Each structure stands twice: as C-alpha cells, then as structure tokens.
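Here is a short briefing on one protein model. Have the sequence and the 3D view open as you read.

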Amino acid sequence: MSSSDAILAYGYNLGDSGSWDIHELEDDYDKLVTLAWYDEDSDDDLEDQAMRHLLNASGFTETSATRRDDDYWTREQEAMQRIGVQFDTYCNHVEPMQVIAAHIITVNRGSTLLIEPDRLATGPQRHDWDTKLAAALATLAITPKQPAPAWILCSYGD
C-alpha cells in the first residue's frame, strides 16, 4: 500500500545525509563533522540527537532510561514545548529529509485542511517562532543555507 502526506512547516529545510542544506559540512563527503553533539554512527538519527542536545541544553537531562517515574513523558513534553521547535521528516522513511520547525501542519492522504492565509502570515510574529528557531539553531551550532525561516511545503510518501 502506498501513502502520501503533505507537511507544511514553518522553519528551515535541513536536507538529508546525501545533501545537507546547512553550512557545517566536510566539503568532500557532506558529513556533519563540525557538530560536537552529532554521532553519525549512533543508532539515533539526526532529529533524535538534535532534540536530546536541545533538551540537555535547556536543563532537562533526564532520559527514558534514567526516568524517576511514569511522569517522565509529561515532563519531557513540557520541556519540548518550552524549547518551541521540533523536527520532522519528509520525502520517505528509507531516505528521510529533515526540517526544523516552530510549527508543523500535517495533512494525511485522502484528507483536506482549510488553510487560513492570515493566520499563516501572523503566526510567526504572534508566537515568536523566529526567536525560538534562532535559539535552537544557536544551541545546535548549525547554519541553514536557507536565508530565513519560511513556510515550507513538503511531501511524504511510502
């Protein structure tokens, strides 16, 4: 069975391991060599490692392995909301591409969503998304090739 979804994200396209859309690369092989928090040999992917780095930098150093109680997941979600950004993948699950976004809207195959252009236009300033994205990028020490945050329409399919 095949599926296709649409993702509308306010943030930055980061690309993928075959063609990262950030400046912190090793020239010959497009590897993320200058990022101290990223381990390309890890079982965790870029988005998991980046989110863990952001959580640690925000003071939330607890992990699912070190959790004290069943409220861990609630505390983690609260910490993620304070950070104000998230990662999402697009393209496909075999070779996913990444976005870092302050807001993500997903529409699944066969569904529709009414888009209100005025809300899209005012959302970034009203919710201070640019500031949250800038703080996350500074913490991650990455510089997207995209010059500024924007609404990015992405596809996802299997």
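Which residues are buried in H2? They are Tyr72, Arg75, Glu76, Ala79 and Ile83. Buried means under 20% relative accessible area, exposed over 50%, and partly exposed in between, with a 1.4 Å probe and protein chains only. This is a predicted model: local features need pLDDT of at least 70, side-chain atom pairs count only at pLDDT 80 or more, and totals for chains, interfaces and linings use all residues. Residues are numbered from 1 along each chain as its sequence is written, and side-chain values use heavy atoms, with hydrogens and water left out.

**Helix H2**
- Helices (H or I, at least four residues) and strands (E, at least two) are DSSP runs, numbered from the N terminus.
- H2 covers residues 72–83, which is 12 residues.
- At 1.5 Å a residue, H2 should span 16 Å, and its end C-alpha atoms are 17 Å apart, which agrees. The expected span is 1.5 Å times one less than the number of residues.
- In H2, Tyr72, Arg75, Glu76, Ala79 and Ile83 are buried. They cover an arc of only 100° around the axis, so they sit on the same side of H2. The arc is that of the directions from the helix axis to the C-beta atoms.
- The cover over the buried residues of H2 includes helix H1 (46–57) and helix H4 (129–140).
- Gly84 follows H2 and has a positive phi, near 85°.

**Helix H3**
- Leu120, Gly123 and Pro124 are buried in H3. Their arc around the axis is only 85°, which puts them on the same side of H3.
- The face turned away from that buried side carries the exposed residues Asp118, Arg119, Ala121 and Gln125.

**Second largest pocket**
- A pocket is an open set of points on a 1 Å grid over the protein atoms alone, where a 1.4 Å probe fits, with protein on both sides within 12 Å along at least five of seven lines.
- Its lining has 13 residues, and His103, Ile105, Arg119, Leu120 and Arg126 lie nearest the centre. Lining residues have an atom within 4 Å of a point.
- Strand E4 (97–107) and helix H3 (117–126) each give two or more residues to this lining.
- H3 gives the largest share, four residues.

**Val107**
- Val107 lies in strand E4.
- Val107 is buried, with a relative accessible area of 18%.
- Leaving aside neighbours within four places in sequence, Val107 is in contact (heavy atoms within 4.5 Å) with Asp5, Ala6, Thr112 and Leu113.
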